[in-house]
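Hi,

Here is the structure I promised to pass on. Have a look at it first, and then read my notes below.

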Amino acid sequence: MSTPNIAKEEIINAFNFRHATKEFDATKTISDDDMKFILEAAHLSPSSFGFEPWHFIVVQDKELRELLKPVAWGAPLKLDTASHFVLGLSMKAPMVKHDSEYIMHMMKDVKQLPADVIEMYSKFYREFQERDFDLDTDKKLFDWSSKQTYIALGNMMTAAALTGIDSCPIEGFHQENAEALLKEKFGVDTDKYGLSFMTAFGYRKADPEFGKSRRNFDDIVTWK
């Protein structure tokens, strides 16, 4: 596999281009190829132990988008104008606990690890959960899964920006009510998956009114 050859300037320009787009140009649609590219960035994203504790729902059905509005106060304008709208789901405790069927499936069938490596990997993963990170409750396990899913979110937004596509991450929703809706209308097994974020993708209706504001670089980085 060849080494990526992307100019650093292009990447920084993409980060400067990206902003939380509040309203999209509803007349413009992301091509199938470009949206697949954005989703492939999620697909190829790293995760702790490589267990990929996520699932992404692309909501294009207008009726389903309307149903999301009452449970997502931060999303109505994006739901009306975004070309594509993605729900980021993260696995709950039954899926990611060290002794779950899913974890064994990942090691045995996806990673195709030999038996002795599975035994070693399982030991490390159990110690990680029980000792290193103290993941002893369902909420802690879901929060840990969400951390992984946010890596995929960041990569999707960066991939979009690199191709001139806008995005907006959304946490403005009522989690319990949103998950009840996902169970009833989207067919999501909410015993296994919870909603971590929503993300809108499309093309900005107007440029942002203000430039990007950030703390000084030296305020956030310390060299030792």
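Let me start with a term: rings of Phe, Tyr and Trp (its six-membered ring) pair if their centres lie within 6.5 Å, and the pair counts as stacked with planes under 30 degrees apart, as edge-to-face over 60 and as tilted for the rest. By that rule, ring pairs link Phe-49, Phe-51, Tyr-121, Tyr-125, Phe-128, Phe-133 and Trp-144 into a cluster.

Some housekeeping before the rest. This is a predicted model, where local features need pLDDT of at least 70 and side-chain atom pairs count only at pLDDT 80 or more, while totals for chains, interfaces and linings use all residues. Residues are numbered from 1 along each chain as its sequence is written, and side-chain values use heavy atoms, with hydrogens and water left out.

**Aromatic pairs**

The structure holds 12 aromatic pairs. One of them, Phe-49 with Tyr-125, is edge-to-face, at 4.9 Å centre to centre and 65 degrees between the planes. Phe-49 sits in the loop between α2 (32-43) and β1, and Tyr-125 in helix α7, so this pair ties together parts that are 76 residues apart in sequence. (Helices, H or I with at least four residues, and strands, E with at least two, are DSSP runs numbered from the N terminus.) Phe-128 and Phe-133 make a tilted pair, because their ring centres are 4.7 Å apart and their planes are at 35 degrees.

Tyr-125 is buried at 1% and Phe-128 is buried at 11%. Phe-49 is partly exposed at 22%, and Phe-133 is partly exposed at 45%.

**Ser-45**

The loop between α2 and β1 also holds Ser-45, which is buried with a relative accessible area of 7%. Its side chain makes a polar contact of 2.9 Å with the side chain of Asn-155, and a polar atom of that Ser-45 side chain lies 2.7 Å from the backbone oxygen of Ala-41. (A polar contact is a pair of N or O atoms within 3.5 Å; within protein, one must be able to donate a hydrogen and the other to accept it, and residues adjacent in sequence count only if both atoms are side-chain atoms.)

**The sheet**

There are 4 strands in an open, antiparallel sheet, in the order β1-β2-β4-β3; strands pair if DSSP finds at least two bridges between them. β1 (54-58) and β3 are at the edges with a single partner strand each, so one side of each has no neighbour in the sheet. Between β2 and β4 there are 8 bridges, and Met-91 has Tyr-193 in β4 as its bridge partner.

His-84 belongs to strand β2 and counts as buried at 8% relative accessibility. The side chains of His-84 and Ser-83 are joined by a polar contact of 2.7 Å.

**The cores**

A nonpolar core is a set of buried Ala, Val, Leu, Ile, Met, Phe, Trp, Tyr and Cys residues joined through side-chain atoms within 4.5 Å. The largest has 39 residues, and Leu-68, Phe-85, Leu-87, Phe-186, Leu-195 and Met-198 have the most contacts inside it. Apart from it lies another core of 15 residues, including Ile-38, Trp-54, Val-86 and Ala-160. As for Phe-186, leaving out residues up to four places away in sequence, it touches Ile-57, Val-59, Leu-64, Leu-68, Leu-87 and Leu-181, where contact means heavy atoms within 4.5 Å.

Cheers

Notes. Buried means under 20% relative accessible area, exposed over 50%, partly exposed in between (1.4 Å probe, protein chains only).
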